[in-house]
Amino acid sequence: MTGQPKLTLSAASALLLVLTAWMASSPPAVADQAQARSLFKAMTDYVSAQQAIAFDYDATLEVVTKDRQKLELASSGTVSLARPDKIRTTRSGGFVDIETVFDGKTLTLFGKNKNVYTRVEAPGSLDSLMNDLEKKYDRSLPAADLFLTKAYDEMTADVTNVKDLGSGVIGGIECDYFAFRAKDVDWQIWVTQGAKPRPCRYVITSTGIPDSPQYTVQLRNWKTGSEVAKTDFAFKPPAGAKQIDLDELKKTKDMGELPSHFVVGGQ
């Protein structure tokens, strides 16, 4: 039989062992923690200094079933923010189509597929909003911690190990590649090289959960300053949209991270 040889399972396992051995024996030249921290801080400083930012993103949330099968829930969306206190984001997937709008005073969550929305008075900064979304409403924004005013301090506070893994290419752009380790979480980030460093890919691995599921977000079509199209941060309900209270929103299916047919602890 002619043609290209197929990579058998045993061959793939052997290749994995070779790669693992190579990583374990690599010289420490690319594992300079100080250099990695310095470059990562340069990125967070640059991002926090930008008063207007817009980008598109693709995200995957990994779910592990009871029989240890890993599934990936994919979504895409947009983010447009204006410091210190305005943001509009969208997220669309196979089961969800949601928009989040914050004008500095009021937070609006709009489920397009259900045509329902809720409003919460939440005056404050983007930092306070991101904290509330995660802790109060369980609706984190994509890669939100990268856009905090003090992102470096927040993200590295519990870090115990840092690796500079050289470079990688994301979306055709060469990036510096860093890996960080903290209690119960590992995270990796790819940062564009040059005078305007920005995040290209961010991967969070929950090591404190069995089978270590991951969340990945890849950023593209990045814009700052005058490149950002003028955005209206005031939410205007579309025709027929129904306003519901926050408690109803929490019960509304297909407006969270998981589709309605996924049951935590039940798949």
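Me: How many bridges join β8 to strand β9, and do they run parallel or antiparallel?
Reply: Eight bridges join β8 to β9 (residues 185–192), and the two run antiparallel. Strands here are DSSP runs of E with at least two residues, numbered from the N terminus, and two strands pair if DSSP finds at least two bridges between them. This is a predicted model: local features need pLDDT of at least 70, side-chain atom pairs count only at pLDDT 80 or more, and totals for chains, interfaces and linings use all residues. Residues are numbered from 1 along each chain as its sequence is written, and side-chain values use heavy atoms, with hydrogens and water left out.

Me: What's the bridge partner of Ala182 in β9?
Reply: Val185. The β8 and β9 hairpin has two residues between the strands, and Asp184 in the turn has a positive phi of about 65°.

Me: And how many bridges join β7 to β8?
Reply: Nine, with β7 (residues 159–170) and β8 running antiparallel. Lys163 has Ala179 in β8 as its bridge partner. In that hairpin, Gly171 takes a positive phi near 60°.

Me: Why is β8 largely enclosed?
Reply: Because seven of the ten residues of β8 (residues 173–182) are buried. Buried means under 20% relative accessible area (1.4 Å probe, protein chains only), exposed is over 50%, and partly exposed is in between.

Me: Switching topic: is Thr216 buried or exposed?
Reply: Buried, at a relative accessible area of 18%. Thr216 lies in strand β11 (residues 214–224).

Me: Which residues does Thr216 touch?
Reply: Leaving out residues up to four places away in sequence, Thr216 touches Asp58, Ala59, Thr60, Arg201, Tyr202 and Val203. Contact means heavy atoms within 4.5 Å.

Notes
Helix = DSSP H or I, 4+ residues; strand = E, 2+ residues; numbered from the N terminus.
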